[in-house]
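Please look through the structure below before reading on.

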Amino acid sequence: MRVTEVADSTYLLDCSEDVGFSLSEVAYLLVDDIPALIEPCSTTTSSKLLERSRDFGIKVEDVAYIIPTHIHVDHGGGAGYLSRQLPNAKVVLHPRGAKNMVDPARLVSATKVVFGEDFEHRFGPISPISEKQMLIAQDGEIIHLGRRDLTIIFTPGHASHHISIWDSLSQGIFPGEALGFIADSMPDFPLPAAVPPFDLQLYIQSIDSLAALMPTMVFYSHCGARRDPELLIATIRENSIVIGQIVEKSLKEGKAEQETWRMISEYVKKKAGGDLPPEFLLGLSAYISYFTQK
Ligand SMILES: [Zn+2]
């Protein structure tokens, strides 16, 4: 496990080497009078987090709040497992996410569609969370930890039940996937994190609401913490819109999906000099279904 203090009393915990995932799942431990863990990640990762944190003298078992930004398997899939290991902790959830964690049957089916029937092999099972261990958050809800307050901000678009977390101590934001994902080859060029059912209009509104907070740091869920949020946020906004324009125009002109992919690749190459990562294939299908259903 890699442990890095990325801001005052804010630790990035990365177990990707231990679990052998190519795309890292990053958790953040906020140390305070009342400690909190943002992004429990998958069950595979969260069990590793508990096990390895002891070696580092980090007390994950003391956390009072487990806060997934959303319930997709690589962000909140381990919340049920962790809640059983930490029976005094509360899991903070959007009301729509909470419903699907009391009985995760629908979430399990949706996960199979995206990651295959055998997703548990990689991510581990998705366990339910008991209602008494949930804190169902409202938009703007404040959680006091001691030196710092966390504010829950609803940021739909990537998923209807997506939240971001504002941290008063670092003046930073934990955006989950609301500010896109960053491929290793293009560190300053975030791409929209689109999975069906993606809502582009809400995604852009969420980007705007986070930009308005003028964060000094962004704590990404897959690619670590960054201290240059202004340009990154402007770039994700522009990329989300331009890719939307390309897809919408292609659909109107009846172009094949491969042709649309080629046009997006060309845009990315021109702007960032890199290749459109293959992970974006799911993103393209999410954009296509957004415009087809609109
Ligand atoms: Zn997600």
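## Terms and basis

Two strands are said to pair if DSSP finds at least two bridges between them. Helices (H or I, at least four residues) and strands (E, at least two) are DSSP runs, and they are numbered from the N terminus.

This is a predicted model, in which local features need pLDDT of at least 70 and side-chain atom pairs count only at pLDDT 80 or more, while totals for chains, interfaces and linings use all residues. Residues are numbered from 1 along each chain as its sequence is written, and side-chain values use heavy atoms, with hydrogens and water left out.

## The sheet

Six strands form an open sheet in the order β8-β9-β10-β11-β12-β13, and their pairing is mixed. At the edges are β8 (142-144) and β13 (224-226), each of which pairs on one side only. From one strand to the next, the twist averages 20°. Angles of this kind run from 0 to 180 degrees between N-to-C directions, and the axes are lines fitted to C-alpha atoms, for helices over the stretch in contact.

## Strand β10 and its neighbours

Which strands are joined to β10 by bridges? One is β11 (residues 172-174), which runs antiparallel to β10 (residues 163-167) and is joined to it by three bridges. Here Ile-165 stands opposite Phe-174, and Trp-166 stands opposite Ile-173. The hairpin of β10 and β11 has four residues between the strands, and in it Gln-171 takes a positive phi near 55°. The other is β9 (residues 149-154), also antiparallel to β10, with five bridges between them.

Is β10 mostly covered or mostly open? The strand is mostly covered, since five of its five residues are buried, where buried means under 20% relative accessible area, exposed means over 50%, and partly exposed lies in between (1.4 Å probe, protein chains only). Ile-163, Ile-165 and Asp-167 are buried on one side of the strand, and Ser-164 and Trp-166 are buried on the other.

Thr-111 lies in helix α6 (residues 105-115). Is Thr-111 buried or exposed? Thr-111 counts as buried because its relative accessibility is 5%. Leaving out residues up to four places away in sequence, Thr-111 touches Val-73, Gly-116, Phe-119 and Ile-126. Contact here means heavy atoms within 4.5 Å.

Phe-115 is in helix α6 too, but Phe-115 counts as partly exposed because its relative accessibility is 36%. Phe-115 belongs to a nonpolar surface patch with Val-113, Val-114 and Leu-282, and together these residues have about 350 Å² of accessible area. Three residues of the patch come from α6, which is the largest share. Patches are made of residues with over 30% relative accessible area and no salt bridge; like charges are joined within 9 Å, and nonpolar side chains (Val, Leu, Ile, Met, Phe, Trp, Tyr) within 5 Å. The accessible areas come from the Shrake-Rupley method with a 1.4 Å probe, and for residues only the protein chains shown count as cover.

## Salt bridges

A salt bridge is a side-chain nitrogen of Lys or Arg within 4 Å of a carboxyl oxygen of Asp or Glu. How many salt bridges are there by this rule? The count comes to 15. One of them joins the side chains of Asp-55 and Arg-52, at 2.9 Å from N to O. These two residues are about one helical turn apart because they are three residues apart in helix α2 (residues 43-55). Asp-55 is exposed, with a relative accessible area of 55%, whereas Arg-52 is partly exposed at 22%.

Another salt bridge joins the side chains of Lys-271 and Glu-238, at 3.5 Å from N to O. Lys-271 lies in helix α10 (residues 257-272) and Glu-238 in helix α9 (residues 229-252), so this pair ties together parts that are 33 residues apart in sequence. Lys-271 is partly exposed at 44% relative accessibility, and Glu-238 is partly exposed at 37%. Arg-262 also forms a salt bridge with Glu-259, the closest N and O atoms being 2.9 Å apart. Arg-262 and Glu-259 are separated by about one helical turn because they are three residues apart in helix α10. Salt bridges that share partners also join Asp-188, Arg-226 and Asp-228 into one network.
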